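Subject: Structure for you to look at

Hello,

Here is the structure I said I would pass on. Please open it next to this email and follow along.

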Amino acid sequence: MHEYSGNMHCHSSYSDGHGSHNRIALAALKAGLDFVIVTDHNIYVEGMDGYRFLGDKRILLLTGEEIHDPARIPQKNHLLAYETRQELSPLGVQPQKLINAVRDAGGMAFLAHPIDPAAPSVGEPDLSWVDWNIEGYTGIELWNYLSGFKAIIPTALKKYLFAFFPALGIRGPLPETLALWDRLLKKGKPVIAIGNSDAHEMPIQIGPIHFTLFKYEDLFRAVNTHILTEDPLNGSADHDRKVLFDSLRRGHAFVGYDRPAPTRGFRFTAAGDEETVIMGDRIALGNGITLQVKLPRRANIRLLRDGECIQTWSHHEAAHYTAREAGVYRCEAWLPFLGASRAWVLSNPIYIQT
Ligand SMILES: [Zn+2]
Ligand SMILES: [Zn+2]
């Protein structure tokens, strides 16, 4: 398999971000990403897709859209739409119609920051997903770095500390979002998880002092989505977007927090009598399945079945487990970083079926 890391949720100056597409691409390239998807609020920006270059490095910039109903008070239900290649924001008033339209267009619909707490100390409202009478969406944004920041700033003092050093406070996806994902998976829904920055970059001016918070490049070094593909990218934007999205559609991806240490190289596989599959795939239980976790460095590993932790390994680079029960299996790796245990890798599930 080939592995490509990218960020699938950020905003340019076409909505409430503070950078051009070219500057975002440059920041993502400097952060070591292979692709970046700009998802402006309620506007599909045409004509931006393609590779950008710096020296011998390249980055694929693609356009998605973050759609919601701006007339809804309070605002809720942000949806990330990919590969629609058309404007669908007028449908934001009806989430199910929007999801259907995204799929009809051949795209993918992910619920952005499905749980997103209010942060009164920075004037930010709760932007959670609330209309759960929906079906047919592709997955959820399991880890949104900016939602993580909102969740850790109950006081004005912490606002300033964590605005400059968000990594000090953020420990992983919101536990409520992880529990939500496990509940959805347990119902038999193949819900694909992605992880993103939601970077906007915020220039601040206080009197004569200017500074910038949440810089694109800094956030692109944090939570990313890593996609595993069978074919390599070849530098042709149309070919490569198809390779990436076809693999993501199959759940061949994991969420990596690349700030404590690069997550590139993580693998989660399941081997049966006849085949070996990866994250996102289904496999028949047969006489038992060998699950294998491989990490690029030692970490604390948790293996979960149907949302319950069934085994842990402390300070391991690899782990094996023989599954003798059907279920939805996923794994997490946690690392000590900045004085606390932080989520480092979150796999998509492997579905073992009877
Ligand atoms: Zn949003
Ligand atoms: Zn956003």
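A patch is made of residues with over 30% relative accessible area and no salt bridge, and nonpolar side chains are joined into one patch when they lie within 5 Å. Please keep in mind that this is a predicted model.

The surface

A nonpolar patch of about 610 Å² is formed by Tyr160, Leu161, Phe164, Phe165, Leu168 and Leu338. Helix H4, which covers residues 156–164, contributes the most to this patch, with 3 residues. Phenylalanine 164 is in helix H4.

A residue in a strand

Leucine 62 belongs to strand E4, residues 57–67. Buried means under 20% relative accessible area. Leucine 62 has 1% relative accessibility and therefore counts as buried. Leaving aside residues up to four places away in sequence, leucine 62 touches Val36, Ile37, Val38, Asp49, Arg241 and Phe245. Between leucine 62 and phenylalanine 337 there are 32 Å in space, C-alpha to C-alpha, and the two are 275 residues apart in sequence.

The zinc ions

Which residues coordinate the zinc ion (ligand 1)? They are Glu66 (OE), His78 (ND1) and His113 (NE2), at 2.1 to 2.2 Å. Along the sequence, these donor residues have the spacing E-x11-H-x34-H. Histidine 78 sits in the loop between E4 and strand E5 (79–82), while histidine 113 sits in the loop between strand E6 (108–111) and strand E7 (139–144); this pair, 35 residues apart, links distant parts of the chain. Both histidine 78 and histidine 113 are buried.

The zinc ion (ligand 2) has His9 (NE2), His11 (NE2), Glu66 (OE) and Asp198 (OD) as its protein donors, at 2.1 to 2.3 Å. The spacing of its donors along the chain is H-x1-H-x54-E-x131-D. Histidine 9 and histidine 11 are both buried.

Why is the arrangement around the zinc ion (ligand 2) irregular? Four donors count as tetrahedral if all angles lie between 85 and 135 degrees. The 4 donor atoms around the zinc ion (ligand 2) subtend angles of 81 to 169 degrees, so the arrangement is irregular.

Regards

Note on methods:
Residues numbered from 1 in each chain as written. Chains lettered and ligands numbered in written order. Predicted model: local features only at pLDDT ≥ 70, side-chain atom pairs only at ≥ 80, totals over all residues. Heavy atoms only, no water. Patch = residues over 30% accessible without salt bridge, like charges linked within 9 Å, V, L, I, M, F, W, Y side chains within 5 Å. Areas by Shrake-Rupley, 256 points an atom, 1.4 Å probe, with all protein chains shown as cover. Salt bridge = Lys/Arg side-chain N within 4 Å of Asp/Glu carboxyl O. Helix = DSSP H or I, 4+ residues; strand = E, 2+ residues; numbered from the N terminus. Buried < 20%, exposed > 50% of the residue type's maximum accessible area, 1.4 Å probe, protein only. Contact = heavy atoms within 4.5 Å. Donors = N, O, S within 2.8 Å, 3.2 Å for Na, K, Ca; no water. Tetrahedral: all angles 85-135°; square planar, octahedral: opposite > 155°, others 65-115°.
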